[in-house]
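Biologist: I'd like to learn how to read a few features off a model. Could you walk me through some?

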Amino acid sequence: MGSLIKAYAVLFVRSWNPDYDGTVSGVSPRRWLVMAGFWPLFLLVQAVNGLGLLLDHLLFPDFRRVRVREPLFVVGVPRSGTTFLHRLLAADDKRFTTTALWELIFAPSVTQRCLWRGAGRLDALFGRPLGRAFQWLERRLLGGLDDVHETGLRDPEEDYLALLPVLGCFLLVLAVPDPRLWRLTYADRDLPAAEKQRLMAAYRRFVQRHLYFHGDHLTFLSKNPSFTPFMATLAAAFPDARFIGCLRNPTAAVPSQINSIVIGARVFDGRDTAAYWREGFLAMLDYYYRHLLEQLERLPPERQALSVMETLAAEPRATVEGFYRRFGMTPSPAYQARLAAEDERARRYRSGHHYSLESLGVAPERLRATFGWVYEKFSYPLPGVEHE
């Protein structure tokens, strides 16, 4: 606990005027203003959630006895269809249970979930005035993110937020661009064994709480690209876990991810930090592609599968059914009907996201130099090269 408090203190001090590895000079009044609001709110939420987690040991101690059986982890390169696949699988709600955004932010504990469920039932008796107010606030706060990552409080969401209290969530790097958080992107390689053990213990407790509340007869479904560098650690912590690794043509995945991170970074800092994020994420994504494929190859066939976004987007039903066969599962008739409907939507879908490599500072030559082996392995067309 003492080391965690010290780590929080270090991040707090460094958050006000980070130097971005010497790539940015001056000060940012916007960062000072944002940090002045961020830290009180962040620490308040962590304190409330921490109290809920402590109360679980008094009020619901049996959660620690829940067995986590064959969890399914959707990992992979960011912007490679992980969200799409996650929500496709989560639709099989008779088999899987997954985390919603509201649970991750406001109710990681069983105690909090029970309180919110009780409040929701009481609100329903009076025509849902609080529910409607929350829906309005949700759209005001989250609607602006739709072009980057469409989400809502009740939507399935990445469970890396569960590791925020123990500083295991890489997303925090936007607020505090510090090497301690960047290490999480090379976790299997760079984190000390004790650090991995601490994070996995906290994560297991979170999964146990989730299954205790939603039903331990269900299979826990996790979607988290930030778990890609944790694949070996997760496979050891959950020996019967299964993994679906997602990847995509780097020409689409890399600028898409850099675009989303630069947008997020602008919220926290008024300076031009694009070069810092571009270099950091190019190196990170190179590691993700390599680590993903290396770790999938080390797992037995019945514990791993690869999802290529170009195939998933064009043929979602066939892709998901292939995963089910590989893992020895049979989709129900109701779920097959949902997959058929998704196939129909896929035929009509046209993406509205287009990113210029040059505008994001990613030259085609840089992409070819960094990810050339990916283009070759998956026969993707090289960027900036004319093909007849």
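This is a predicted model: local features need pLDDT of at least 70, side-chain atom pairs count only at pLDDT 80 or more; totals for chains, interfaces and linings use all residues.

Biologist: How many salt bridges does a search of the whole structure find?

Modeller: Side chains of opposite charge can pair when their charged atoms come close. The cut-off here is a side-chain nitrogen of Lys or Arg within 4 Å of a carboxyl oxygen of Asp or Glu. The search of the whole structure gives 15. One of them joins lysine 223 to glutamate 158, at 2.5 Å from N to O. That pair links distant parts of the chain, 65 residues apart: lysine 223 sits in strand β3 (residues 219–223), glutamate 158 in the loop between α7 (146–149) and α8 (179–182). Helices (H or I, at least four residues) and strands (E, at least two) are DSSP runs, numbered from the N terminus.

Biologist: Is lysine 223 buried or exposed?

Modeller: Buried means under 20% relative accessible area, exposed over 50%, and partly exposed in between, with a 1.4 Å probe and protein chains only. Lysine 223 is buried because its relative accessible area is 1%, and glutamate 158 counts as buried at 10%. Now take the bridge between aspartate 62 and arginine 65, at 3.7 Å from N to O. Aspartate 62 is partly exposed at 39%, while arginine 65 is exposed at 68%.

Biologist: Which residues touch the most other members of the largest nonpolar core?

Modeller: Nonpolar side chains tend to be buried together in soluble globular proteins. A nonpolar core is a set of buried Ala, Val, Leu, Ile, Met, Phe, Trp, Tyr and Cys residues joined through side-chain atoms within 4.5 Å. In the largest one, with 81 residues, the answer is Tyr203 and Trp277. Helix α13 (residues 274–298) gives the largest share, twelve residues. There's also a second, separate core of 20 residues, including Leu85 and Val320.

Biologist: At roughly what angle do the axes of α3 and α16 cross?

Modeller: Axes are lines fitted to C-alpha atoms, for helices over the stretch in contact, and angles run from 0 to 180 degrees between N-to-C directions. For α3 (residues 82–90) and α16 (residues 333–348), it's roughly 145 degrees, with the axes coming within 10 Å. Phe84, Leu88 and Leu89 of α3 meet Tyr335, Leu339 and Glu342 of α16, where contact means heavy atoms within 4.5 Å.

Technical notes
Residues are numbered from 1 along each chain as its sequence is written. Side-chain values use heavy atoms; hydrogens and water are left out.
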